[in-house]
Amino acid sequence: MPQPNTKLSALEMPRGILPAMTLADFCEKGFIRTGRPLAPGQIQPASLDLRLGEWAYRVRASFLPGPGKKVAERLETLQLHKFSLAQGAVFEAGCVYIVPLLETLALPSRISAAANPKSSTGRLDIFTRVIADDAREFDKIPEGYEGPLYAEISPRSFSILARTGSRLSQIRFRSGPPLASDEIIALLHESEALISSADANIDNGLALSVDLSPQPPGHPVGFRAKRHSGLVDVDKVGVLEVLDYWEPIWQKGSLILDPDQFYILASKEAVRVPPTHAAEMVPFNPLVGEFRVHYAGFFDPGFGHQSGGGEGSRAVLEVRSHEVPFILEDGQIIGRLIYEPLTQIPNQVYGQGIGSNYQRQGLKLSKHFKPFVP
């Protein structure tokens with residue numbers, strides 16, 4: 001594996017996901033432009049946190065601009081009202097908002113990007129997607145894109161308090177076409193043991209199953225979001241009481257998912273992501289069950305890996321049923337991971353003294369909550 005070299009031009013870069021030092025170089029060169037200086041920890045091992053800008057718009061409905069259309073133009077006709085985020089503002093559950101982000105892009109020709117909610121955002125059931133001008137898809141930024149970025153925000157279970165600089169989304173940059181494949185996963189699993197299970201189900205990704213087995217005393221198998229709970233300040237860590245917002249799930253073996261309810265569960269397998277690769281949980285095929293892992297998510301290099309001080313970390317699953325109740329059984333496949341190589345080994349990996357919140361995790365709520373004590 002080549003040593004880190006931030007001086008490679010976009011045309012000279014190998015294919016793969018860009019690591020932290022390349023993202024820092026992109027910021028210096030103006031490929032990634034920020035409305036104010038980068039915040040501490042904003043650049044992660046293989047992703048960049050995106051920050052909310054100064055204004056938010058409540059809109060009538062979600063939308064995509066489409067080819068030849070600008071998001072700002074659509075906001076002129078779809079906005080209900082505009083409000084400042086300078087002092088913080090409430091985003092009400094069940095409403096849809098658009099927020100221009102502080103970061104804008106001027107990407108080189110071979111560089112594309114993809115966005116996702118941050119782990120903590122997904123665990124709060126905040127439906128968040130990134131929109132670019134001319135976009136036909138959410139969370140996808142084409143090669144060579146130059147222009148602004150916007151966050152669509154729709155809290156589902158809890159109303160939230162956010163402000164300019166709050167980070168709800170993250171973005172990952174790629175050089176060239178995607179390299180993810182089952183062959184890459186199989187070779188990696190043979191050398192790195194990507195999951196703790198002896199049997200790896202690899203078919204359009206590495207399968208993860210849900211853990212509804214008996215837990216140690218005082219440890220629930222999951223949590224169900226309570227309706228009509230209090231406000232969540234997305235920038236305050238470790239301050240909220242779990243039982244004010246969540247109902248612990250103690251039953252084991254199986255669980256009936258109620259439509260329109262939100263669940264936090266955990267994978268049976270412990271996951272490892274080596275420092276040479278990044279991983280992403282992809283939406284699960286709905287044809288095999290009336291449920292889905294609600295939010296796809298990024299796994300930075302070093303997640304659950306000994307290089308980052310981990311010994312395998314279970315994936316936390318944000319789950320919703322579809323239109324009908326569905327019985328979820330212990331060990332049922334509930335998501336798949338794809339792995340993709342980085343262009344270079346990052347200079348720091350997940351959990352390696354960078355304030356990572358979910359290394360060595362089991363079943364874990366977002367960082368905003370105090371430890372659960374039954």
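These notebook entries record what I looked up in a predicted model of one protein.

**Entry 1. Ground rules.** I number residues from 1 along each chain as its sequence is written, and my side-chain values use heavy atoms, with hydrogens and water left out. Because the model is predicted, I take local features only at pLDDT of at least 70 and side-chain atom pairs only at pLDDT 80 or more, while totals for chains, interfaces and linings use all residues.

**Entry 2. Overall make-up.** I counted four helices and 26 strands; helices (H or I, at least four residues) and strands (E, at least two) are DSSP runs, numbered from the N terminus. Of the 374 residues, 54% are buried, where buried means under 20% relative accessible area, exposed over 50%, and partly exposed in between (1.4 Å probe, protein chains only). I then took contacts, meaning heavy atoms within 4.5 Å. Among those between residues at least 6 apart in sequence, 81% join residues at least 24 apart.

**Entry 3. Helix 1.** Is helix 1 mostly covered or uncovered? I found it mostly covered, with seven of the ten residues in 20–29 buried. These are A20, M21, T22, L23, D25, F26 and C27. They pack against strand 2 (32–34), strand 3 (43–44), strand 4 (47–51), strand 9 (111–117) and strand 14 (167–175). Just after the helix, G30 takes a positive phi of about 90°.

**Entry 4. Cysteines.** I searched the whole structure for disulfides, pairs of cysteine sulfur atoms within 2.5 Å, and the search finds zero. C27 is buried at a relative accessible area of 18%, and C95 counts as buried at 8%.

**Entry 5. Strand 19.** In a regular strand the side chains alternate between the two faces of the sheet. Strand 19 pairs with strand 25 (residues 326–329) in the antiparallel sense over four bridges; two strands pair if DSSP finds at least two bridges between them. The bridge partner of S254 in strand 25 is E329.

**Entry 6. Positive phi.** Most residues other than glycine have a negative phi. I noted A193, with phi near 55°, in the loop between helix 4 (182–192) and strand 15 (206–209). A193 counts as partly exposed at 32% relative accessibility. I also noted D260, with phi near 70°, in the loop between strand 19 and strand 20 (262–271). D260 counts as exposed at 58%.

Entry 7. On a 1 Å grid over the protein atoms alone, a cavity is a set of points where a 1.4 Å probe fits but cannot get out, and a pocket is an open set with protein on both sides within 12 Å along at least five of seven lines; lining residues have an atom within 4 Å of a point. Grid points are joined across faces, edges and corners, and a volume is the space filled by probe spheres set on the points.

I found one cavity of 30 Å³ or more. The largest cavity has a volume of about 90 Å³. Strand 14, strand 21 (277–282) and strand 26 (333–341) each give two or more residues to its lining, whose members include R172, A278 and Y339.

The second largest pocket holds about 370 Å³ of space. Of its 17 lining residues, F223, L363, K364, L365 and F372 lie nearest its centre.
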